[in-house]
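Take a look at the sequence and the 3D structure shown here. Then let us walk through them together, step by step.

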Amino acid sequence: MYSNLFDILDQIGVLTFSISGARLALSKKLDPFGALFLAGVTAVGGGTLRDMLLNKPVFWLHDTSTLISILLGFGITLIFRKRIVSINRPLFIFDTIGLGVFVATGVKTALMYNTGPIQAVLLGTITAVFGGITRDILSNEIPLIFRKEMYATTCIIGGIFYLTTGYFNLPEWFIWLGTIGLVIVLRIVSIKLKLSYPVLSERD
Amino acid sequence: MYSNLFDILDQIGVLTFSISGARLALSKKLDPFGALFLAGVTAVGGGTLRDMLLNKPVFWLHDTSTLISILLGFGITLIFRKRIVSINRPLFIFDTIGLGVFVATGVKTALMYNTGPIQAVLLGTITAVFGGITRDILSNEIPLIFRKEMYATTCIIGGIFYLTTGYFNLPEWFIWLGTIGLVIVLRIVSIKLKLSYPVLSERD
Amino acid sequence: MYSNLFDILDQIGVLTFSISGARLALSKKLDPFGALFLAGVTAVGGGTLRDMLLNKPVFWLHDTSTLISILLGFGITLIFRKRIVSINRPLFIFDTIGLGVFVATGVKTALMYNTGPIQAVLLGTITAVFGGITRDILSNEIPLIFRKEMYATTCIIGGIFYLTTGYFNLPEWFIWLGTIGLVIVLRIVSIKLKLSYPVLSERD
């Protein structure tokens with residue numbers, strides 16, 4: 001059903017998000033199980049909600065590779081814990097790759113289940129951001145999505161890119177890599193330039 | 001499948017709950033995306049959980065009018081932000097209309113999927129209150145349902161009314177408007193009289 | 001579909017978890033509805049998420065006995081509130097019975113829907129712990145699972161026991177009672193010996 005490229009990218013997304021969850025767990029000083037749990041929830045939370053909304057069986061129930069990727073990400077974090085916690089840049093890149101990948105796989109999965117185009121972009125965004133939201137709620141933090149510069153907007157733009165390039169029948173590898181590349185570039189630019197929306201308030 | 005009245009009322013519910021979510025976002029000073037996200041979650045959270053529990057496709061996936069109602073509610077809040085934040089009464093009425101509508105549509109949807117009568121009332125209540133619960137969890141507040149006077153009890157009574165009038169085959173418009181009217185009246189009475197349950201505690 | 005033993009044990013789980021939710025509600029001084037809501041969420045939260053993940057209709061939608069067990073647990077808590085809040089030991093035993101029961105019924109349900117074995121153990125654990133997680137999030141507490149000694153690990157070990165004894169075709173009553181007994185013993189031992197994992201942190 002899926003192309004090989006889809007599978008490989010998806011596992012990269014799971015792996016990098018697992019690292020991001022495990023890293024937060026380390027800084028919160030959780031025990032190993034709690035840390036593994038947080039890594040897993042971060043990695044598959046978005047895809048799980050997407051599948052429940054689409055009323056399809058959840059993707060990791062019949063597929064062992066996802067569980068292996070979570071364990072791998074968790075192991076990598078434990079082994080390189082000193083470097084992963086202190087150095088932010090490589091982690092940021094991995095996290096952003098995961099974001100781009102999940103936007104693309106989320107939109108594609110939604111379209112395969114015949115949702116409307118706007119809903120497909122929404123489901124791509126949900127796939128990308130919900131794991132992080134759950135991670136933050138479980139750790140009793142204000143969800144990152146409400147604070148980080150244009151985090152979700154980036155996903156929406158990436159989803160629209162995927163949709164329009166798909167509409168014009170551009171080659172599949174271009175659509176995938178273009179979506180992921182666009183999300184990465186937008187994230188880097190918005191961090192570098194400290195882009196953020198003006199805050200809304202009750203006064204004009 | 002649905003009567004026209006059902007559709008119109010449902011969109012009124014989405015619209016008014018979108019306003020209620022956007023209004024909280026303004027007072028929390030979120031950026032525009034965060035505010036729109038909170039408006040959307042408040043508006044469709046209850047119906048989404050209802051549909052996932054019933055194991056049916058989520059209602060807004062194949063239907064654009066819901067998305068438009070969310071945007072409309074969000075836009076109205078932005079445009080009238082000064083008045084909407086300072087004046088409480090009109091908002092209270094809209095919010096209560098939404099509550100009544102969602103109780104009725106929730107019970108009806110559950111019955112269409114052959115749940116038992118008690119479960120139908122529960123699903124009606126979940127449809128009405130879960131959007132607000134999610135809104136409060138995401139904003140790190142204690143869910144309103146635990147604090148506000150008889151908020152959920154009102155929904156349960158409304159659901160029982162819907163169920164019994166349906167059992168006696170009363171005309172559909174009477175069932176709908178009766179349920180919504182009853183919820184509104186009960187909310188107004190319980191606010192006016194400051195009705196609330198005695199608090200339970202470990203002592204007698 | 002289910003054996004009678006399955007049904008009886010499942011209701012014991014619902015009843016004991018309802019007591020645990022109602023007990024927390026009493027100490028938080030919620031009103032009766034909020035308390036009943038918290039009891040219900042604690043009792044069926046885990047099984048509900050399991051069923052949504054498996055893409056099957058939620059178990060309590062077409063079954064009244066679960067609702068009765070929740071009410072029964074709630075009533076017992078109200079009647080014996082003085083004793084239940086002050087005496088911890090009997091409650092701990094009931095709670096632990098519920099944990100063991102839900103691990104076993106969760107694993108069995110997952111296997112009936114043809115998940116892989118690792119996923120079945122995960123779903124058993126989710127069935128056992130998610131009600132408590134939701135209860136804690138709704139009450140704005142850090143989920144117990146992140147703090148209590150080896151809470152989830154105990155479920156995982158119980159799930160593996162269920163799986164392996166099932167693989168060797170041991171008699172059903174042995175599998176059920178063995179799983180529940182093992183979870184109870186492990187919980188008692190880990191509490192008595194104050195077993196807990198070393199905390200992970202970013203330093204070695």
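What you see is a predicted model. Its overall scores are ipTM 0.79 and pTM 0.85. For chain A the mean pLDDT is 84, and 84% of the residues in this chain reach 70 or more.

Which elements mark the two ends of the range? Helix H4 (residues 81-86) of chain A has the lowest mean pLDDT, 69, while H3(A) has the highest, 93. Keep a simple rule in mind here: where pLDDT is low, the predicted coordinates should not be read in detail.

## Chain A as a whole

How many helices and strands does chain A have? There are eight helices and zero strands, and reading along the sequence gives the pattern α-α-α-α-α-α-α-α.

Chain A has 204 residues, and 53% of them count as buried. Now consider the contacts in this chain between residues at least 6 apart in sequence: 69% of these join residues at least 24 apart.

## The nonpolar core

The largest nonpolar core has 177 residues. Which residues have the most contacts inside this core? They are A:Leu38, B:Leu38 and C:Leu38.

Take A:Leu38 as an example, leaving aside its neighbours within four places in sequence. Among the residues in contact with A:Leu38 are A:Gly21, A:Ala22, A:Leu24 and A:Ala25. The list also includes A:Leu30, A:Arg135 and A:Leu138.

## Helix H2 in chains A and B

Helix H2 of chain A runs over residues 32-53. From its first C-alpha to its last, H2(A) reaches 31 Å, close to the 32 Å expected for its 22 residues at 1.5 Å a residue. H2(A) also bends by about 50° at A:Val44. Is this helix mostly covered or mostly uncovered? H2(A) is mostly covered, with 21 of its 22 residues buried.

Turn to chain B and look at helix H2 there, again residues 32-53. H2(B) reaches 31 Å, close to an expected 32 Å, and has a kink of about 50° centred on B:Val44. Of the 22 residues in H2(B), 21 are buried. Just after H2(B) comes B:Asn55, with a positive phi of about 60°.

## Helix H6 in chain C

Does the length of this helix agree or disagree with what its residues should span? Helix H6 of chain C (residues 117-138) has 22 residues, which should span 32 Å at 1.5 Å a residue; the end C-alpha atoms are 31 Å apart, so the two agree.

H6(C) bends by about 40° at C:Val129. This helix is mostly covered, with 19 of its 22 residues buried.

A:Ala120 lies in helix H6 (residues 117-138) of chain A. Why does A:Ala120 count as buried? It has 25 other C-beta atoms within 10 Å, and the cut-off for a buried residue is 20 or more. Leaving aside neighbours within four places in sequence, A:Ala120 is in contact with residues including A:Val107, A:Ala110 and A:Leu163. A:Ala120 and A:Ile160 are 40 residues apart in sequence, and their C-alpha atoms are 9.1 Å apart in space.

C:Ile180 is found in helix H8 (residues 172-192) of chain C. C:Ile180 is buried because 25 other C-beta atoms lie within 10 Å. Leaving aside neighbours within four places in sequence, C:Ile180 is in contact with C:Ile97, C:Gly100, C:Val101 and C:Ala104. C:Ile180 and C:Leu99 are 81 residues apart in sequence, with 7.9 Å between their C-alpha atoms.

## Two asparagines in loops

A:Asn55 sits in the loop between H2 and helix H3 (64-79) of chain A. Its phi is near 60°, a positive value in a residue other than glycine. A:Asn55 counts as partly exposed because it has 17 C-beta neighbours inside 10 Å.

A:Asn169 is in the loop between helix H7 (151-167) and helix H8 (172-192) of chain A. The phi of A:Asn169 is near 60°, a positive value in a residue other than glycine. Is A:Asn169 buried or exposed? A:Asn169 is exposed, with 8 other C-beta atoms within 10 Å.

Methods
Residues numbered from 1 in each chain as written. Chains lettered and ligands numbered in written order. Predicted model: local features only at pLDDT ≥ 70, side-chain atom pairs only at ≥ 80, totals over all residues. Core = buried A, V, L, I, M, F, W, Y, C linked by C-beta atoms within 7 Å. Buried ≥ 20, exposed ≤ 12 C-beta atoms within 10 Å, placed from the backbone. Contact = placed C-beta atoms within 7 Å. Helix = DSSP H or I, 4+ residues; strand = E, 2+ residues; numbered from the N terminus. Expected span 1.5 Å × (residues − 1). Bend = angle between axes of the 7 residues up to and from the residue. pLDDT = per-residue confidence, 0-100.
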